[in-house]
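Visitor: Hi! Could you walk me through this structure? I'm new to this.
Guide: Happy to, let's look together.
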There are 2 protein chains.
Amino acid sequence: MTIPEVVSRDEAATLSPRELREVIASGRWTTPTWSLALGYLQANLVILPEKDAFEFLTFCTRNSKPCPIVEVGEPGSPTVGPVAPGADLRTDIPKYRVFRDGEQEDEPTDITSYWRDDLVGFLLGCSLTFEEALLDAGVPLRHLEAGTIAPMYETDRACRPAGKFSGNMVVSMRMIPADLVPRAVQVTSRYPLAHGAPVHVGSPDELGIRDLGEVDFGDQPVAEPGDVPVFWGCGVTPQIVARSARPEIMIAHYPGCMFITDRRSEIDAAL
Amino acid sequence: MTIPEVVSRDEAATLSPRELREVIASGRWTTPTWSLALGYLQANLVILPEKDAFEFLTFCTRNSKPCPIVEVGEPGSPTVGPVAPGADLRTDIPKYRVFRDGEQEDEPTDITSYWRDDLVGFLLGCSLTFEEALLDAGVPLRHLEAGTIAPMYETDRACRPAGKFSGNMVVSMRMIPADLVPRAVQVTSRYPLAHGAPVHVGSPDELGIRDLGEVDFGDQPVAEPGDVPVFWGCGVTPQIVARSARPEIMIAHYPGCMFITDRRSEIDAAL
């Protein structure tokens, strides 16, 4: 296959998941993946040593709203199976973050030099999938209209721990018109691999969020009169939890720079 | 709490999950758990050494239709967390099977003497939950009317392997009136922890099943004119796969003798 020379966002948006991964692997796309490969599942990445893998997978199983498992790799293998045949976790993400003992060490666009025979890759669902579905269903997304990223908050809700992995759930928040809240619940319920239904509607106080203006990640909230804050489990949770456990090495995607799979989002919805 | 002295099926059917587990732990109920604790999730049990736990959990993650994960225990702990507070995996199942290197060694009603600090318990979803839901939705179940167990077949569909764990998917089959097949799909789709939607409707040949009369597990099929065979992923799959891997030790529930949780089945449906 000829790798396209162009990497403008408009042209990238016309490429298939496989073509996009090739462009990304070639080093000619190092920015966030929103608006790319619409209709296909994108995923968060966490890579950990095999000795931490069972505890981390147990953690994800126990906290499937913020940590839906899309794929678990074989120890030592940078491939990800049928969700993206031919893909290579070491090169196919635009930008990575490498942590040693919980401290960030590097932000490379290729992690081939960090790869080891005992590393295990985890792909976890992300919210890009359900945002598309919400728009298709006529639910407006204020942060997209404003060209910003949805605000994210660390709540006071403890995840169920597993071994060394523990921490509070992080949620993403979208302001939804009150009459469309039921539809937003219905639509996102159909995408369990993209965090599924909201975990909370209204009452930020109950999640330990005293001021919606004090965001922990992402941008300031954008609201219209009559909007209600709706909260979903957020894929930042497993990254923070994994990092807090201070594993000897951990590699994650750079925020917004997701792994693009070959799986149609709608397959998730139909399972 | 006073443990009831009675153990007739009619009286047992009036007990709560916690009360039932206490009766079972006392040794006064050693038979299958169908008809008990209606409305509550029941689960298959697989216990394996910690060294096999990551591979087995990865296998279940990759094959969630036959192997839906209800709970993963901590290594060495016979408890199962919030799905059944106070429960003990060593005593709270009516009857067990113990395998050494894949060969059955014992069929005890208590596995306390087999427990070790490195054992990990896995609870996997079972079909009792969705059978209740089908009946509630007006879908007749021929095998129940005939007082038999649904037939199960080993298919020629390979599960996605994980390390030493591999094998073909086992399915359970129910003959459903043709006009109720859509409803059967809709109803069971709502219970992903109980195998979810069917994996196949009609055409047993396509699953490698040449003769529905040649059942691998369970009883002969029961059909009425106009019925269509509908196939669901079956919880026998993980047991066969685990046993085939010949782990040094593996403990499972005795067929039909399930673990009864405190979780309402409908909570699964709403997730």
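This is a predicted model: local features need pLDDT of at least 70, side-chain atom pairs count only at pLDDT 80 or more; totals for chains, interfaces and linings use all residues.

Visitor: Okay, what rotation superposes chain B on chain A?
Guide: A rotation of 180 degrees does it, with 0.0 Å of shift along its axis, and the RMSD is 0.0 Å. That is the relation of a two-fold axis.

Visitor: And how much of chain B's contact surface recurs in chain A?
Guide: 100% of the contact residues of chain B turn up again in chain A, so the same surface serves both copies.

Visitor: Which residue of chain B comes closest to the rotation axis?
Guide: That's B:Phe54, whose C-alpha is 2.3 Å from the axis.

Visitor: New topic: in what order do the strands of the chain B sheet run?
Guide: The order is β6-β7-β9-β8 in chain B, an open sheet of four strands with antiparallel pairing. Its edge strands are β6 (152-158) and β8 (200-201) of chain B, each pairing on one side only.

Visitor: How many bridges join β6(B) to β7 of chain B?
Guide: Four, and the two strands run antiparallel, with β7 of chain B covering residues 168-177. As for β7(B), B:Asn168 there is the bridge partner of B:Ala158.

Visitor: Which strands does helix α6 of chain B touch?
Guide: Helix α6 (residues 181-189) of chain B packs on the sheet and touches β7, β8 and β9 (227-233) of chain B. Its direction makes about 15 degrees with that of β9(B).

Visitor: And where does helix α7 of chain B lie?
Guide: Helix α7 (residues 236-244) of chain B lies across β6 and β7 of chain B, at about 160 degrees to β7(B).

Conventions
Residues are numbered from 1 along each chain as its sequence is written. Chains are lettered from A and ligands numbered from 1 in the order in which they are written. Side-chain values use heavy atoms; hydrogens and water are left out. Copies are superposed by least squares on the C-alpha atoms of residues with pLDDT of at least 70 in both. Contact means heavy atoms within 4.5 Å. Two strands pair if DSSP finds at least two bridges between them. Axes are lines fitted to C-alpha atoms, for helices over the stretch in contact, and angles run from 0 to 180 degrees between N-to-C directions.
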